[in-house]
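Please read this report with the model open beside it.

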Amino acid sequence: MPFKRRNGGRNKKNRGHVNYIRCSNCGRTCPKDKAIKRFLVRNMVDASSQRDVADASVYDVYVLPKLYIKQQYCVSCAVHARIVRVRKKEFRRIRENPNRFRRRRETTGDDKKKAGN
C-alpha cells in the first residue's frame, strides 16, 4: 500500500512509544511527536491599553511583560485553524520551512531618494 509521508506524520525515530499531550484547542490527546507546536509571544496588554498604562505609570521607561505560551495542536485543529496547510503530493516532499512573511519598514521620501542614487 502506498504511503503519504516517509515519516508517517511523526517525528519518532527508533522510539517505541512517546508520551501524549492534550491539544490546546480541543483537548484531544495526540502523540507529542505528531503534534504541531507553535511558540506564541504576545504582549499582555493590547496596544491601546498599553498607551493608557504608560501614561498612568510612575516610571518613565517600564517595559510591560510579554506572554510566552507554547501551543500544541492536534493535526485536525492545526489544519482547521490554518496553522499548517494541506499540500500537493509533489510539495509534501519539500521539508524546509516556508519563507516567513516580514513587514517592510515604512520609508520616508528622503530614504527613497538616497536608495535611488
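## Elements and basis of the model

Helices (H or I, at least four residues) and strands (E, at least two) are taken here as DSSP runs, numbered from the N terminus. On that basis R82 is found in the loop between α2 and α3, the latter spanning residues 109-116. There are three helices and four strands in the chain, and from the N terminus on these elements run in the order β-β-β-α-β-α-α.

The model is predicted, and local features need a pLDDT of at least 70, side-chain atom pairs count only at pLDDT 80 or more, while totals for chains, interfaces and linings use all residues. Residues are numbered from 1 along each chain as its sequence is written, and side-chain values use heavy atoms, with hydrogens and water left out.

## Burial and backbone angles

A residue is called buried under 20% relative accessible area, exposed over 50%, and partly exposed in between, with a 1.4 Å probe and protein chains only. Of the 117 residues in the chain, 13% are buried.

N14, which sits in the segment before β1, has a phi near 65° although a residue other than glycine, and N14 counts as exposed because its relative accessibility is 85%. R82, in the loop between α2 and α3, has a positive phi of about 60° and is not a glycine either; R82 is exposed, since its relative accessible area is 63%.

## The salt bridge and other contacts across the sequence

A salt bridge is counted when a side-chain nitrogen of Lys or Arg lies within 4 Å of a carboxyl oxygen of Asp or Glu, and by this rule the count comes to one. The side chains of D33 and R10 form it, with an N to O distance of 3.2 Å. D33 lies in the loop between β2 (29-31) and β3, and R10 in the segment before β1 (20-22), so the pair ties together parts that are 23 residues apart in sequence. D33 is buried because its relative accessible area is 14%, whereas R10, at 25% relative accessibility, counts as partly exposed.

Two further pairs are described by their C-alpha atoms. N19 lies in the segment before β1 and counts as exposed at 59% relative accessibility; the C-alpha atoms of N19 and K32 are separated by 6.0 Å, although the two are 13 residues apart along the chain. S24 is placed in the loop between β1 and β2 and is partly exposed, with a relative accessible area of 38%.

## Cysteines

A disulfide is a covalent bond between the sulfur atoms of two cysteines; the criterion applied here is a pair of cysteine sulfur atoms within 2.5 Å. A search of the whole structure finds zero disulfides. C30 is in no disulfide, and the nearest cysteine sulfur, that of C74, is 6.2 Å away. C74 is likewise in no disulfide, with the nearest cysteine sulfur, that of C77, 3.6 Å away. C30 counts as buried because its relative accessibility is 6%, and C74 is buried with a relative accessible area of 2%.

## Pocket and surface patch

Grid points are joined across faces, edges and corners, and a volume is the space filled by probe spheres set on the points. The largest pocket has a volume of about 1,900 Å³. Its lining has 36 residues, of which R5, I36, V84, R87 and I94 lie nearest the centre. β3 and α2 (75-80) each supply at least two residues of this lining, and the largest share, three residues, comes from β3.

F39 is placed in strand β3, residues 36-43, and is exposed because its relative accessible area is 57%. F39, V41 and Y68 make a nonpolar surface patch of about 360 Å². Patches are made of residues with over 30% relative accessible area and no salt bridge, like charges being joined within 9 Å and nonpolar side chains (Val, Leu, Ile, Met, Phe, Trp, Tyr) within 5 Å. The accessible areas come from the Shrake-Rupley method with a 1.4 Å probe, and for residues only the protein chains shown count as cover.

Notes. On a 1 Å grid over the protein atoms alone, a cavity is a set of points where a 1.4 Å probe fits but cannot get out, and a pocket is an open set with protein on both sides within 12 Å along at least five of seven lines; lining residues have an atom within 4 Å of a point.
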